[in-house]
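Subject: Structure for your files

Hello,

Please find the structure below. My notes on it follow, grouped by region.

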Amino acid sequence: MKSITSESYSVHFNAIAFAALNTHLENASYSKVFVLVDENTHEHCLPILMPAIEQEYDFEIIEIESGEEHKNIATCTQVWEILSELNADRKSVLINLGGGVITDLGGFVASTYKRGIEFINIPTTLLAMVDASVGGKTGVDLGALKNQVGVINQPEMVLVVSEFLNTLNERQLQSGFAEMLKHGLIQDRKYWNTLKNGVAPEQIDELIYHSVGIKNEVVLKDPTEQNVRKILNYGHTLGHAIESYFLESPAHELLLHGEAIAIGMVLEGWLSHQLEGLTESDLIEIKKTFAARYPKTTFAPSDIDGILSLLKFDKKNSHGNINFVLLKNIGQPVIDVQINENLLHEAFAYYSE
Ligand SMILES: NC(=O)c1ccc[n+]([C@@H]2O[C@H](COP(=O)([O-])OP(=O)(O)OC[C@H]3O[C@@H](n4cnc5c(N)ncnc54)[C@H](O)[C@@H]3O)[C@@H](O)[C@H]2O)c1
Ligand SMILES: [Zn+2]
């Protein structure tokens, strides 16, 4: 599989990924190499990474607790302090070995420690492989508000090694699959058709490659999200609000990122049908596809009010307006659509029926 070239770095796949890392480490002459893990990637992923590294570097492992609830400034402070105690200097590198929480938080910590040290992303979840580790968005949550603090800054390289997925559970795999379905919906009807009825395990490498290609193409056109990059947020305006709401309300079980945006894609599909001409049959197909993969979530009226009140914190807002990405067709998005609150209630009614 050929490497994919992004802004200032490359994404390397499977067989050549660790060789690319070794070459990079050999040429970069880092003073120290830090590897950021959580307890799960420490157990399952570090034993794959470490034997693959040939260079005689001074390695330090930094472990944080897993889970979205730890993607916050308090955890960043812990990591900054450990880096400082271990004398990380400007020529140190941070390798983020984990899911989207590790790559988002680690990228942000590296981008800000001593005004920025280099970092490398080695995603270990499907979601991080196809989405979070590519594109340079880094950051953490502020309270329950998703990704409220962060910077856009590019890694030195991204290594996608699907062997890591062998220890990932089914629910996490499905969560990542939601972002792949999104890539089909916003850019590639043929890809959507391939994915919608499910895929065989042996297809996963080529599908990950295709998704990274779609994401990268969009990011390259608009790295700082002035216009076209916004299409990657399909399902995310409502999806992030739902994710935040569930994160902060102890009465609800946590929803994974992909599960929340899967709901967001159905809701925003309904809005697309109402406002942008997405056909009814496409809408039904979208709803059925997500319903077959993700458990149905129940929303009480008070939940919906809570979710809608979180929308005003969405980063896609400007000048007090809430902006949505909708679909004219599968594969054909439109950005910056503003929507009346009443319609949002109806969208939830459609999801719930
Ligand atoms: N920066 C971006 O562009 C972008 C894009 C999409 C999502 N995100 C962010 O990504 C985050 C979600 O990422 P995620 O779904 O990877 O979550 P995650 O990082 O929480 O990982 C999910 C769980 O799987 C475990 N895990 C990771 N790799 C494993 C492996 N190989 N084997 C066994 N267990 C493993 C983790 O410890 C964790 O418990 C969210 O915070 C979301 O906002 C960012
Ligand atoms: Zn996402």
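E54 is exposed, with a relative accessible area of 61%; exposed means over 50% relative accessible area, buried under 20%, and partly exposed in between, with a 1.4 Å probe and protein chains only. The residue sits in the loop between helix 3 (46-52) and strand 4. Helices (H or I, at least four residues) and strands (E, at least two) are DSSP runs numbered from the N terminus.

Before the rest, some conventions. This is a predicted model, in which local features need pLDDT of at least 70 and side-chain atom pairs count only at pLDDT 80 or more, while totals for chains, interfaces and linings use all residues. Residues are numbered from 1 along each chain as its sequence is written, chains are lettered from A and ligands numbered from 1 in the order in which they are written, and side-chain values use heavy atoms, with hydrogens and water left out.

Zinc site

Which protein atoms are the donors of the zinc ion (ligand 2)? They are OE of E179, NE2 of H236 and NE2 of H257, at 1.9 to 2.1 Å from the ion. Donors here are N, O and S atoms within 2.8 Å of the metal (3.2 Å for Na, K and Ca); water is not among the atoms, so sites may look incomplete. Along the chain the donors of this zinc ion follow the spacing E-x56-H-x20-H. H236 belongs to helix 10 (residues 236-248) and H257 to helix 11 (residues 257-275), so the pair ties together parts that are 21 residues apart in sequence. Both H236 and H257 are buried. E179 is also buried, at 2% relative accessibility.

Salt bridges

A salt bridge is counted when a side-chain nitrogen of Lys or Arg lies within 4 Å of a carboxyl oxygen of Asp or Glu. By this rule there are 14 salt bridges.

The zinc donor E179 is in one of them, with K182; their closest N and O atoms are 2.9 Å apart. These two residues are both in helix 7, three residues apart, which is about one turn of the helix. K182 is buried, with a relative accessible area of 1%.

K182 also forms a salt bridge with D131, where the closest N and O atoms are 3.2 Å apart. K182 is in helix 7 (residues 170-187) and D131 in helix 6 (residues 126-132), so this pair ties together parts that are 51 residues apart in sequence. D131 is buried, as is K182.

Another salt bridge joins D282 and R189, at 2.7 Å from N to O. D282 lies in helix 12 (residues 280-293) and R189 in helix 8 (residues 189-196), so the pair ties together parts that are 93 residues apart in sequence. D282 is buried at 6% relative accessible area, whereas R189 is partly exposed at 31%. Salt bridges that share partners also join E68, K71, D104, K146 and E243 into one network.

Negative surface patch

E39, E63, E65 and E69 form a negative surface patch. Patches are made of residues with over 30% relative accessible area and no salt bridge, with like charges joined within 9 Å and nonpolar side chains (Val, Leu, Ile, Met, Phe, Trp, Tyr) within 5 Å. Lys and Arg count as positive and Asp and Glu as negative, without His and the chain ends; a charge is placed at NZ of Lys, CZ of Arg, CG of Asp or CD of Glu. The areas come from the Shrake-Rupley method with a 1.4 Å probe, and for residues only the protein chains shown count as cover.

Loops and other contacts

R115 is not a glycine but has a positive phi of about 65°. It is in the loop between helix 5 (100-112) and strand 6 (118-123) and counts as exposed, at 80% relative accessibility. E225 likewise has a positive phi, near 60°, and lies in the loop between helix 9 and helix 10.

I231 is in the loop between helix 9 (204-221) and helix 10, and is buried at 5% relative accessible area. The C-alpha atoms of I231 and L327 are separated by 9.4 Å, with the two residues 96 apart along the chain. I304, in helix 13 (residues 301-310), is buried at 11% relative accessibility. I304 and L344 are 40 residues apart in sequence and 9.1 Å apart from C-alpha to C-alpha.

Regards
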